[in-house]
Amino acid sequence: MISICIPIYNYYAYPLVRRLVNQIEQYGAQEQVEVICIDDHSSGYYLNQNMGICDIATYLRLAENIGRSRIRNLFLKYAKGDWLLFLDNDALVADKYIKECLKYQNARADVVFGGTSYDRRGDDVQYRLRYLYGTREEVCDVEQRTQSPYRHLWVNNMMIRRSVFERIKFDPRISTYGYEDMLFVYRLETGNVSVLHVDNPIVHGHLESNAEYLQKVIQSSKTLAAIYNMMWEDQRFCHSIPLLESYSKIQRWKQVGLFYSLFKILKTPIESHLTSGRFSSLRQLHLYKLGILIRELHYNNSTDNTETK
């Protein structure tokens, strides 16, 4: 059995659940697939919007927000399946998505990843930052993903064998947004968990505006700093994250102070450029993330602790 696991937070997820249930019924797969949704203490507005989920799937609502790692681990308590399939609450699935998933119930691999894609309508100037990052960093065909199976593995649209997930869970110490999935994938890699890449992509259904996504970038860089403080002795992990690899180089060159001084000067112009959407390279975004990471690791208690609002 496949348990489709959908964490929900402040999002109208009923259309996704309805579409999945329709497909399950269409293919007569009620005994093979279940849908479980856990709401991570959304606002009352979204709780009311999603009440219809109760009529078609398992829908649990938490009394407090527990974060992206713990909520995914929590699905083990309620899922009945031998496979857990994780979907973000904004995922858009194709007409034959469930039919394709059913093909891999007997896969020899321990993880099956269907891929990800972005709607071309997202290539709008006000959403360009998230769209550009997604299409250039997350979208790869099956052949590319198979060549580097862990580098191109994302939790959204990942089906994992229950016995493996019971052994390798998300780190519950990470409650904020960002990089918790990369740490999880790293542990799959070091645990020699086998991965099968297939062609069954979901579409990201919600793109944040440039300003909204920049706020998420700031938070993710802060989260990465916290993860680094936990994992800094594991050099293999540090080299597996491009941002930490860049940070390690600056450390080796003893240029942390110089880089941060330049970052403080360029921070506002970079923010303006990124939020405007008038750019075609992700290099500035990488440098911006690096600046925030260094601030968190070296200057967190300094007077310079401002962010975009």
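A: Tyr 118 has His 204 in β10 as its bridge partner. The model here is predicted, so local features need pLDDT of at least 70 and side-chain atom pairs pLDDT 80 or more, while totals for chains, interfaces and linings use all residues. Residues are numbered from 1 along each chain as its sequence is written, and side-chain values use heavy atoms, with hydrogens and water left out.

The bridge belongs to the pairing of β7 with β10 (residues 202–204), two strands that run parallel and are joined by three bridges. Two strands pair if DSSP finds at least two bridges between them; helices (H or I, at least four residues) and strands (E, at least two) are DSSP runs, numbered from the N terminus. Together with β5, these strands form an open sheet of three in the order β5-β10-β7, with mixed pairing. β5 and β7 (116–118) are the edge strands, and each has a single partner, so one side of each is left without a neighbour in the sheet.

The loop between β4 (83–86) and β5 (91–92) holds Asp 90. Is Asp 90 buried or exposed? Asp 90 is buried because its relative accessible area is 12%, and buried means under 20% (1.4 Å probe, protein chains only). Setting aside neighbours within four places in sequence, the contacts of Asp 90 (heavy atoms within 4.5 Å) are Tyr 11, Val 203, His 204, Gly 205 and His 206. Along the chain, Asp 90 and Val 203 are 113 residues apart, yet their C-alpha atoms lie 8.6 Å apart in space.

Now to the helices, with α8 (180–190) as our guide. Glu 180, Asp 181, Leu 183, Phe 184, Val 185, Tyr 186 and Leu 188 are its buried residues. They pack against α3, β6 (111–113), β8 (158–161), α7 (162–167), α9 and α10 (235–240). After α8 comes Asn 192, with a positive phi near 55°.

On a 1 Å grid over the protein atoms alone, a pocket is an open set of points with protein on both sides within 12 Å along at least five of seven lines, a cavity is a set where a 1.4 Å probe fits but cannot get out, and lining residues have an atom within 4 Å of a point. Grid points are joined across faces, edges and corners, and a volume is the space filled by probe spheres set on the points.

The largest pocket has a volume of about 1,300 Å³. It is lined by 39 residues, and those closest to its centre are Arg 68, Asp 88, Tyr 177, Glu 208 and Lys 216. β1 (2–8), α3 (68–78), α5 (128–137), α8 and α9 (210–231) each supply at least two lining residues, and α9 gives the most, seven. By class, this lining has 13 nonpolar, 13 polar and 13 charged residues. Here Ala, Val, Leu, Ile, Met, Phe, Trp, Tyr, Cys and Pro count as nonpolar, Asp, Glu, Lys and Arg as charged, and the others, Gly among them, as polar.

The second largest pocket holds about 570 Å³ of space. Of its 21 lining residues, Tyr 133, Glu 137, Arg 151, Met 182 and Pro 242 are the closest to the centre. α5, α8, α11 (242–252) and α13 (283–298) each give at least two residues to this lining, with the largest share, five, coming from α8. Its lining is made up of 13 nonpolar, three polar and five charged residues.

Among the residues that line it are Leu 85, Tyr 97, Glu 100, Cys 101, Val 112 and Asn 200. α4 makes the largest contribution to this lining, three residues; by class, the lining has seven nonpolar, three polar and one charged residue.

One last stop: Gln 105 sits in the loop between α4 (97–102) and β6. Gln 105 counts as buried because its relative accessibility is 17%. Apart from neighbours within four places in sequence, Gln 105 contacts Met 1, Ile 2, Gln 32 and Trp 83.

Notes
Buried means under 20% relative accessible area, exposed over 50%, partly exposed in between (1.4 Å probe, protein chains only).
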